[in-house]
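Trainee: Could you take me through this structure, please? I have not worked with it before.
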Amino acid sequence: MTTPVLFDLPGPKARTRIRIGTVIGALLILGLVAVVLIRLAGNGQLDGQRWAVLFDPRTGVPQTLGRTLVNTLEVAAVGMVVATVVGLLLAVGRLSDHRAVRWVVGLYIEFFRAIPLLVVIFALYFVLPKYGIRPSAFQALAGGLILYNSAVLAEIFRAGILSIDKGQSEAAFGIGMRKSQVMTQILLPQATRRMLPVLIAQLVVLLKDSSLGFIIGYFELLRGARSLVEFFTPRFGSEYTFQLYVAAGLIYIVINVVLSQVAKYVERRTRRNTKTAAVKDIALPADAPMGDRSATSAT
Amino acid sequence: MQFLADNFGLLWDAFLTTLSLSLLAGLLALVLGTLLAAARVSPIPPLRGLATFYVEVFRNTPLTVVFFFMIFGLPQIDFILGFFTGAVLSLGLYTAAFVGEAIRSGINAVSAGQAEASRAIGLTFGQSLREVVLPQAFRTVIPPLGNVFIAMVKNSSIAAGFATSELSSLLPRLVNADAGQLTAVLLGVVIAYMLITLPLAFGVHRLERRVAILR
C-alpha cells in the first residue's frame, strides 16, 4: 500500500480513535492467541519433550520427514522441468501456421485447464490400470502435474510470445530467417525474459499441487507425517500426533514462502531491467489466479 | 451406459455435494475476503497486519495442507468438525485469501478522486468504503473474482481425499468396476464439473458486461 487515500491523515480526535481501535484490535488478537495457547497447554501439547521428538534422530522422525521432503521436491522438480518443456512445445503448436495443429493443441489446452487436477491424477491412477497400464503413485502424480501445468504454462508462454512487438519477427523474416529460427532465436529469448515472474509463480503453484500426492498415497510430506502418526499411535497414543502434523505443514509453508519471495525478487529485477520495463501486463490464463497471480498483477 | 444409469443416483448425489460445497465455501470466501480487503486498507494497524498475515499464510499453504489440518489436526486440540463442515471451512478460508487479494486490487483501481470526494463530503472511512469505493471495486474485479471461483470449484475436488463424497471421490469408490464402466464414470465426472464451471464462466461474463463502468 502506498499513501492511504481512504482516510485523511488523522487529526487529534481520529488519532485517539485509531489508538483505541489499535488497543482493542491488539487485545482481540492476543486473546485469540491466548485461547489457542491455553487450549494447547491444557492438552499438554506444548511440552518441550513432545516437540523434541521432531529433532531426535533416534526416533527416526527427522529422517522420515527429510526423506518425504525429498520425495515432495523430487516429484515437483520432475513436474516443473517436463511441464515447462511440454508447455513450450504446446505454445509453439498453438501459434502454428497449420490450422489442424492449432486446433488439436487448443483442444488439449482447454480440456486440461477445464477439469480439476485431482481428476486427472485419479484418471491416471485408477482408470489407466483397467487398460493394462499401471502407473506408480509417483508416475500418476507427476503425470497429472505435467498434463495440467503444461496446459497452463502453454497459455503463459503464448501470451509472452504474443506480447513481443510484431516488428521483431517481421525484421527477422526480413533478413531471411526461417520460422523455426525466428521462434528460437528472436521470439522465445525475449518472451522468456518477460514471462519469468509469472512462470516462477506458476511453478510455485505446481509445488503446492504436489501435495495432492497425499490423496493417492504418494509418500510425500503429509503422507510421511500421517504414517509416523500411525506408527506411534499404538505405542504412545496420540501423544506426538499434533506435533508431527504441525511440522509437516510448517515445512510446506516455509518452502512455498521462500519460493514466492524468489518470484517477487525476480519480478522486481525484471521490472528494473530496461529491456523489459516497457512491457504491459500480460494477460494470464483463467486459472492462474489461484496461484500467485495477484502477486504479479495486483500492484 | 447401463452402468451409468444404475449409478445415476450416486453421480447425482456427488454432484449436489460438490455444488453445495462450492456454494457454501464461495459464500464464506466472498464475505471473509471482502472483510479482509477492507481490513487491509483500514486506518487501524493491527487489522492491516492481521489481514496481511492471513493472506500471506493461506496463499502460501497448499490447499491439501489446509484440509489436512482441518480434518486431522484440529481434533487433536478438541475441535471436532464433520467432514463436510471441515471441507467447507478449508475451501472457504483458503479461497478467502485470493478473494481478498482480488478485491484489494479492485480498491486500488478505484481512482483516488472518488475516495477524496467522499471524504470531502464528510463520509467516514466505513461509509466511503461501503457507499463509494467497494461498489466500484466489485465491478472492476468481476472477471478475476470469477476466475477465483471457477478455480475454487475445481479445488473442491480435494475434499475427495478427506472423506467427503463429492464428484471426484466416485473414481476411487467405484474402482472395482470394469474398464468401460470406470471410463464412463470418469466422463460423467468431467461433464458434471463442466456443468458447474461453464455456466459460472458464462454468468460471470454476462454480469461483467452488465455492470461494467465506463471510464
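Mentor: Let us begin with burial: of the 215 residues in chain B, 45% are buried, where buried means that 20 or more other C-beta atoms, placed from the backbone, lie within 10 Å of the residue's own. Please note that this is a predicted model, in which local features need pLDDT of at least 70 and side-chain atom pairs count only at pLDDT 80 or more, while totals for chains, interfaces and linings use all residues. Residues are numbered from 1 along each chain as its sequence is written, and chains are lettered from A and ligands numbered from 1 in the order in which they are written.

Trainee: How many helices and strands are there in chain B?
Mentor: Chain B has ten helices and zero strands; these are DSSP runs numbered from the N terminus, with helices being H or I of at least four residues and strands E of at least two. The C-alpha trace of chain B spans about 70 × 45 × 20 Å along its principal axes.

Trainee: Which residues of α3(B) are buried?
Mentor: Leu47(B), Ala51(B), Val55(B) and Arg59(B) are buried in α3(B). Seen down the helix axis, the buried residues of α3(B) fall within an arc of 80 degrees, so they line one face of the helix; the arc is that of the directions from the helix axis to the C-beta atoms.

Trainee: And what do they pack against?
Mentor: The buried residues of α3(B) pack against α1 (12–42) of chain A, together with α2 (8–40) and α5 of chain B.

Trainee: On to the contact between the chains. How many residues does each chain give?
Mentor: Chain B gives 59 residues and chain A gives 52, two residues being in contact if their C-beta atoms, placed from the backbone, lie within 7 Å. On the side of chain B that touches chain A, the largest share, nine residues, comes from α10(B). By class, that side of chain B has 37 nonpolar, 14 polar and eight charged residues. Here Ala, Val, Leu, Ile, Met, Phe, Trp, Tyr, Cys and Pro count as nonpolar, Asp, Glu, Lys and Arg as charged, and the others, Gly among them, as polar.

Trainee: What does UniProt say about chain A?
Mentor: An unreviewed UniProt entry carries the annotation "transmembrane region" for several spans of chain A, among them residues 20–41 and 105–128. UniProt positions are given in the numbering used here, feature names are shortened, and annotations may be inferred rather than shown by experiment. In the model, residues 20–41 of chain A are 100% helix, with end C-alpha atoms 31 Å apart. Residues 105–128 of chain A are 88% helix, and their end C-alpha atoms lie 22 Å apart.

How values were computed. A residue is buried if 20 or more other C-beta atoms lie within 10 Å of its own, exposed if 12 or fewer, and partly exposed in between; C-beta atoms are placed from the backbone.
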